[in-house]
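I want to look things up one at a time and jot down what turns up.

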Amino acid sequence: MKNRTYAQSIIDSRYHLRDKAEANGRPRVDAEEGGCGVTGFACNIPVSGRHIFEPSVQMHNRGNGKGGGLAAVGLTPSRLGVDQKTLDEDFLLQVALLDETVLPEMEERFIRPHFKVDHEAFIDTVDDYRDIPGLEMKPPAVKRYFVRVKPDALAGFRKERNLGILPEDKVEEEFIYQNTYQLNLALYSSLGEKRAFVLSHGRDMMILKIVGYAEQVAQYYRLDNFDAHIWIAHQRYPTKGRVWHPGGAHPFIGLDEALVHNGDFANYYSVTEYLKQRNIYPLFLTDTEVSVQIFDLLNRVYGYPLEYIIEALAPTAEMDFDHLPEEKQRIYRQIQAAHIHGSPDGPWFFIIARTDVKNRQHQLIGITDTAMLRPQVFAIQKGDVEIGLICSEKQAIDATLESLAKEDPRFGTIADHYWNARGGSYTDGGSFIFTVSGSGNGRKSLTCSDKFGRQIDVPRNQRPYDFTKKLPSVKLESTFQSELRKELKTGDIEGPFSSLSKGLPKWNYSHTATVLAKLKGLAKDDALKGDVIRLLTLFLDRHYPTGKKRRRSILQMVTGTLNSIFNDVPVLNGKPAGYYGLINFKTRQNLRPPLPGEETLVADAGGFSPEGDDSFAHIVSEAYGLGWKRFICFGHRGQRFLGCGLGPDTQGVRIDAYDSTGDYLASGIDGLEIYVHGNAQDQLGQILKRGKLVVYGDVGQTFMYGAKGGEVYILGNAAGRPLINAAGRPRVIINGTALDFLAESFMAGDPYNGGGFVIVNGLTFDNRGRIIPQETPYPGSNLFSLASGGAIFVRDPYKKIVPEQLNGGQILPFDERDWQLILPYLKENERLFGISINKHLLIVDGKRRKPGEVYRTIGAVKLSVLAGSSLTMNEEWVTDKDAGETLNQKPNHNKI
Amino acid sequence: MATDHFHFPETKKAPSRFRNALGKYRITITRACTNCGLCLDLCPYGVYQAGSKRPKASCDHLCIGPSCSKNEFYCVNRCPEKAIHIRSNPSFEVLGDRRWPAELLAGTWHMAETGTTPHQDLNYKTGNSGGGFDKIRFIFPGKNGNGKPGTGEDISTAIELNRSGDSRPRVTIPLPLYLGGMSFGSVSIVTMLSRVRAAVALGTFCCTGEGGYPEELMPYDDHIITQVATGLFGVREETIKRVRIVEFKYAQGAKPGLGGHLLGDKVTPRVAQMREAVPGSALFSPFPFHSVYSVEDHKKHVDWIKETNQKALVSVKVSTPTDVDMVAVGSYYAGAHIVQLDGSYGGTGAAPDIAKKNIAMPIEYALPKVHKFLLAEGIRDKITIIASGGIRSAYDMAKIIAMGADGVCLGTADLVALECIRCHHCESGRGCARGIATTDEELTNLMELEWGTQRIINMYTAWRTQLVGILKRLGMKSVAELVGRFDVIAHMDYMKKEEIEGELD
């Protein structure tokens with residue numbers, strides 16, 4: 001009750017803002033459109049702003065250099081010329097001066113009369129903005145103030161605004177908020193010249209933004225040596241207007257939080273109306289600004305805990321709601337009823353960085369919309385240092401880690417865990433929160449939890465390898481190398497894999513590194529190189545016990561070994577290169593047809609651009625045109641379209657892809673085979689026609705949209721909307737599950753007669769590499785919706801799939817015919833991933849079951865909307881005869 | 001293709017394929033006729049044919065009606081037996097609708113039959129909708145005007161489709177028009193081929209629509225635009241690589257936010273095979289591309305097509321929401337060569353009325369908005385704007401070019417050329433009673449390919465003549481000069497006739 005009074009008094013205190021806003025003709029409700037790339041990370045140690053570069057550069061294709069910005073939270077006092085106490089307690093006010101002559105007026109009106117300024121300074125910049133390549137417009141001068149509101153100013157404000165019941169700190173926060181609003185209104189959004197605006201005013205956080213790319217912010221304002229625990233950045237892709245202002249760039253602020261956003265709302269107008277009713281007026285006319293205004297409203301004005309804020313933004317719906325505990329349903333129903341009009345509708349993904357003043361901690365929060373329409377990847381890595389990351393693309397996460405690892409090898413290049421949030425769900429709530437806490441001087445720690453407070457952690461009993469330490473070489477048994485050589489010569493790598501992986505749990509890191517070094521030595525022999533590569537690749541592809549070692553460290557070591565083997569391959573030139581020839585960005589001009597004896601083109605994707613004329617995909621299709629058929633592609637940093645453009649009838653072509661492959665991989669392939677050794681990104685296999693795609697990890701959004709065929713094997717999970725509108729005869733196994741909307745409008749004919757189907761196994765791996773079932777084989781509320789053909793076979797021994805999840809599908813008995821249909825694919829799945837039919841798939845609770853007890857069939861129902869004429873006559877038009885028949889079909893309610 | 005030397009195809013007479021073509025007048029010859037044959041000799045329009053008992057007025061749709069009475073060859077007056085009667089055709093009164101009134105339909109049929117503008121008193125320039133194109137007129141310099149008419153011969157009607165200045169080929173079409181997407185499934189294969197072959201003859205393009213790339217089209221690859229739409233039906237890498245232009249269809253002006261919907265009855269085994277779907281089941285195209293929810297997704301999408309086909313131009317077809325200007329700018333920055341704005345008047349009978357009449361912006365509102373916005377942005381000359389959605393006549397085409405388009409894209413007009421009567425039953429049952437928008441084999445056979453091809457060639461030849469005439473009267477040397485010339489058009493609701501200097505037409 002008290003809170004409500006607080007809330008109302010704050011809202012009322014803003015009443016006077018209404019007149020000014022409307023006098024200025026505000027708010028105008030034309031949201032600017034724009035897509036974007038967003039990225040953020042939180043770390044238990046402060047790190048340099050430089051590392052936010054890497055993902056930003058990678059995501060240039062998500063922006064157009066017309067607006068970039070970043071925020072830093074959890075700062076280092078010495079870099080700012082203040083002490084820890086000031087940093088903790090003062091509001092850090094940063095004002096962008098678009099017109100530097102406005103400074104005296106600005107200070108006289110908005111700073112000096114109200115604030116006790118503990119420290120002030122202009123932010124250091126490079127001397128000439130033109131020294132930064134590509135920066136076309138001079139970024140604004142920025143003045144930074146550490147302030148507290150003067151007691152008399154605060155008392156006056158409290159009285160004037162009738163905020164008597166609020167505690168002191170709340171009044172001060174509201175003062176800061178309203179003062180910023182007035183400043184922006186007077187000097188930025190009023191008609192006339194845009195002269196100055198507030199970049200940020202929260203505690204222990206700051207924002208900078210420019211017209212340009214996000215990394216240019218860091219370069220121009222010399223953030224190389226500026227440390228913070230949390231960084232978020234944004235590339236904007238605005239499409240409106242020729243005159244650009246940095247004010248329109250993200251991040252936007254509430255009070256102690258900064259928000260970047262990818263997507264745009266369909267209901268911007270309604271959300272602004274909702275805010276207007278609470279005396280909140282947007283000034284910058286982007287949906288990002290209103291997003292953070294809602295957040296601030298729910299957080300600071302209504303005093304909601306984070307969980308309820310997330311619920312208000314991304315409401316839990318459909319079957320997910322039914323799965324909530326009753327108590328939560330009761331509260332959520334209230335939240336939805338009260339705030340649905342302020343809930344952004346349409347595609348959006350928020351990354352928020354904030355200082356949680358009350359709990360003296362910093363947080364990085366990612367929230368996805370309920371339908372998961374924007375790409376989003378979360379990752380966590382813990383060891384001597386702890387970091388959590390949120391990005392639009394997985395490759396941006398890897399790029400950040402790589403950049404950090406280069407400077408401080410305590411960071412690994414691979415995260416312990418990558419995952420997607422399931423929007424508006426009962427499972428994770430579509431949101432994850434990384435919290436950095438701990439005292440200022442002592443060691444801080446990072447925790448990660450979902451909306452409901454469930455912790456996401458790494459296997460504590462397994463230590464990652466600290467790459468700062470040099471590993472001593474271990475003496476192996478004298479026969480080790482010769483035995484290995486003998487085993488490899490048989491050509492069957494399952495043998496050596498089995499013996500090495502049996503030994504691995506007992507080895508320490510030195511032992512492991514020595515074994516890898518031996519393997520690398522063996523790979524010098526061209527005759528063994530292929531087998532060594534395949535053997536090492538199995539260590540990326542498979543899950544196996546690692547003992548006390550962390551899987552990600554093993555992956556990093558194996559990747560390092562593989563990359564050095566690849567880089568040792570002779571560069572393609574005039575002379576025959578041997579069985580393998582290397583091409584990279586520098587030597588791309590050397591590309592030529594294979595000479596006799598040259599079989600495999602090893603291609604380093606590293607320097608190539610992700611798309612366009614200089615793209616890596618282009619080089620691959622060009623090489624195919626010259627006669628190359630076998631490809632090893634490595635060093636990917638999000639290069640897109642791999643396998644596209646080779647044309648029809650490419651059977652016999654095989655591409656093995658390593659590292660962070662990009663979007664649209666294998667789209668449209670017609671015959672060729674692609675093996676992705678690791679996680680893949682979004683839009684894989686769009687319109688895939690024929691051929692084989694194997695992913696030894698997860699796949700991203702809209703996987704196989706509109707596919708016509710192909711044999712596809714996925715070891716992990718698919719994100720949202722896989723196989724939408726797929727037709728023809730795709731045959732797909734997903735060993736994990738999908739977020740939602742699997743096989744919507746599936747039209748793949750009669751599965752028993754050449755049509756397509758999807759097998760969902762619902763499995764995952766534990767930290768010891770064992771195969772275990774997921775909580776449910778399919779958590780989403782929409783499975784096989786509006787499908788007219790094909791089938792889904794789900795491994796669902798506990799019958800967790802219910803008809804409510806289907807809209808256009810029906811659960812049918814799984815019979816012998818089904819088993820014979822899927823068996824060959826399960827066998828290939830076993831060969832590829834080591835997921836055994838007899839040892840894993842058909843074993844339930846330790847007992848062997850019949851296929852029909854383990855699998856369930858979901859087939860299409862002929863829905864009236866899919867049949868010829870979708871319209872039926874209204875009841876009153878139906879003739880008596882018809883009516884009689886209809887009545888007879890009605891259940892007889894008298895009989896009970 | 002050097003359009004300067006482009007040889008436009010010859011027109012050939014392609015009369016109605018039905019026994020009685022629909023015309024404005026009906027002629028009856030009474031028993032008083034003595035079969036003297038005078039009327040056959042008199043009529044310069046070829047209305048009559050000889051008959052055994054008396055002449056047949058089998059081509060009465062060519063008759064110019066009572067206005068002929070001023071001519072000395074007026075058959076009614078000259079008939080010695082007074083056996084000839086001319087009256088209004090009652091069918092004509094119920095034909096058509098306000099956008100396509102009977103006269104516009106008949107005028108278009110005439111052009112398709114003869115390749116020339118109608119000599120009858122038919123308004124073939126505008127409809128009767130009460131707004132839009134039907135209220136807009138050209139202001140031609142009056143007799144004392146300062147326009148310097150060209151000769152007509154040296155007037156260029158060609159437009160360039162790739163204005164981006166990138167390394168992809170330049171593609172010039174000799175007329176400022178190409179033919180829009182109608183899928184196999186929505187129309188018959190004969191209709192589809194007629195349009196494609198006409199496009200070949202006219203040196204322009206025809207879009208496949210979203211229903212696959214039937215192999216019958218393959219000989220004409222260089223004149224085909226392959227459409228990548230939200231259902232991705234029949235879209236394969238091979239079909240993308242085949243063509244010179246790839247079109248993304250984000251939305252249709254007739255039904256924005258709805259996507260395509262082919263009802264089960266039209267999904268015959270052949271259609272299902274082409275789309276790799278299930279016969280008899282309705283086929284939906286989702287309203288969005290599931291892989292594109294923002295402009296950077298769109299760029300990625302465009303990049304994908306460019307990667308797959310290194311030579312093709314990319315066209316982006318969008319409908320006309322209120323922020324259509326932003327959509328156009330976004331498309332440009334994403335690397336599109338052509339942006340096609342599809343206004344709200346288009347669509348066949350298969351688009352629901354509620355959508356057709358209520359959602360998108362009319363094209364004549366959207367186009368100036370986009371044109372001016374791109375001008376201000378400084379990129380107007382880097383992108384080709386194609387207007388579609390309710391372009392019915394050569395005059396509509398010229399008007400929308402004056403409002404900022406580079407060219408137009410047509411659909412319904414082609415179907416009218418094939419004798420569509422606008423009955424609006426394209427979606428139901430076996431489809432079209434005239435064998436145009438059908439996949440039923442029997443109905444498909446109602447039309448012959450040669451005839452269909454010639455009809456469309458004839459119509460656009462007549463359009464070209466009219467366009468050249470307009471440019472000539474405006475004293476312009478090329479259609480490019482007409483782009484964005486708001487000064488040569490007037491809207492009759494906002495300008496008074498008497499205040500305008502010049503002739504309105």
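**Domains of chain A.** I started with the domain assignment of chain A, which gives domain 1 (2-234 + 252-450), domain 2 (480-565) and domain 3 (700-889). Such bounds come from an automatic or database domain assignment. Then I checked how far apart two of these sit: the centres of domain 2 of chain A and domain 3 of chain A, taken over C-alpha atoms, are separated by 37 Å. Their contact takes four residues from domain 2 of chain A and four residues from domain 3 of chain A. Here two residues are in contact if their C-beta atoms, placed from the backbone, lie within 7 Å. On the domain 2 side of chain A, the residues touching domain 3 of chain A divide into two nonpolar, one polar and one charged.

**Ground rules.** This is a predicted model, where local features need pLDDT of at least 70, side-chain atom pairs count only at pLDDT 80 or more, and totals for chains, interfaces and linings use all residues. Residues are numbered from 1 along each chain as its sequence is written, while chains are lettered from A and ligands numbered from 1 in the order in which they are written.

**Confidence.** I looked up pLDDT next, the predictor's confidence in each residue, from 0 to 100. Chain A averages 90, and 91% of its residues score at least 70. Residues 25-34 of chain A are below 50, and this stretch has 37 contacts in the model beyond near neighbours in sequence. Over residues 868-896 of chain A, pLDDT also stays under 50, and there the model has nine contacts beyond four places in sequence.

**Chain A overall.** I noted 25 helices and 33 strands in chain A. These are DSSP runs numbered from the N terminus: helices are H or I with at least four residues, strands are E with at least two. Chain A has a radius of gyration of 29 Å, close to the 29 Å that the globule rule gives for 896 residues, so it is as compact as a globular protein of that length. That radius is taken over C-alpha atoms, and the rule is 2.2 Å times the number of residues to the power 0.38. Along its principal axes the C-alpha trace of chain A spans about 85 × 85 × 50 Å. Of the 896 residues in chain A, 55% are buried. The cut-offs: buried if 20 or more other C-beta atoms lie within 10 Å of a residue's own, exposed if 12 or fewer, partly exposed in between, with C-beta atoms placed from the backbone.

**Helix α19(A).** What does this helix pack against? It covers residues 526-541 of chain A, so to speak a 16-residue run, reaching 23 Å from its first C-alpha to its last, close to the 22 Å expected at 1.5 Å a residue. The expected span is 1.5 Å times one less than the number of residues. Among the buried residues of α19(A) are V532(A), I533(A), L535(A), L536(A) and F539(A). The buried residues pack against α16, α17, α18, α20, β18 and β22 of chain A.

**Where the chains meet.** I found 56 residues of chain A in contact with 39 residues of chain B. On the chain A side, β1 (34-48) and α21 (616-625) are the elements that give two or more residues, and β1(A) gives the most, with four residues. That side divides into 17 nonpolar, 26 polar and 13 charged residues.

**Chain B.** I got 15 helices and 17 strands here. The radius of gyration of chain B is 23 Å, which agrees with the value near 23 Å for a compact globule of 505 residues. Buried residues make up 58% of those 505. Domain 1 (25-88) and domain 2 (159-491) are assigned in chain B, and their C-alpha centres lie 43 Å apart.

**Helix α4(B).** Buried or exposed? I found 13 of the 13 residues of α4(B) buried. G115(B), with a positive phi near 80°, follows α4(B).

**One glycine.** My last stop was G280(B), in the loop between α7 (269-275) and β11 (283-284) of chain B. G280(B) counts as partly exposed because it has 17 C-beta neighbours inside 10 Å. Leaving aside neighbours within four places in sequence, G280(B) is in contact with G264(B) and V267(B).

Conventions: Ala, Val, Leu, Ile, Met, Phe, Trp, Tyr, Cys and Pro count as nonpolar, Asp, Glu, Lys and Arg as charged, and the others, Gly among them, as polar.
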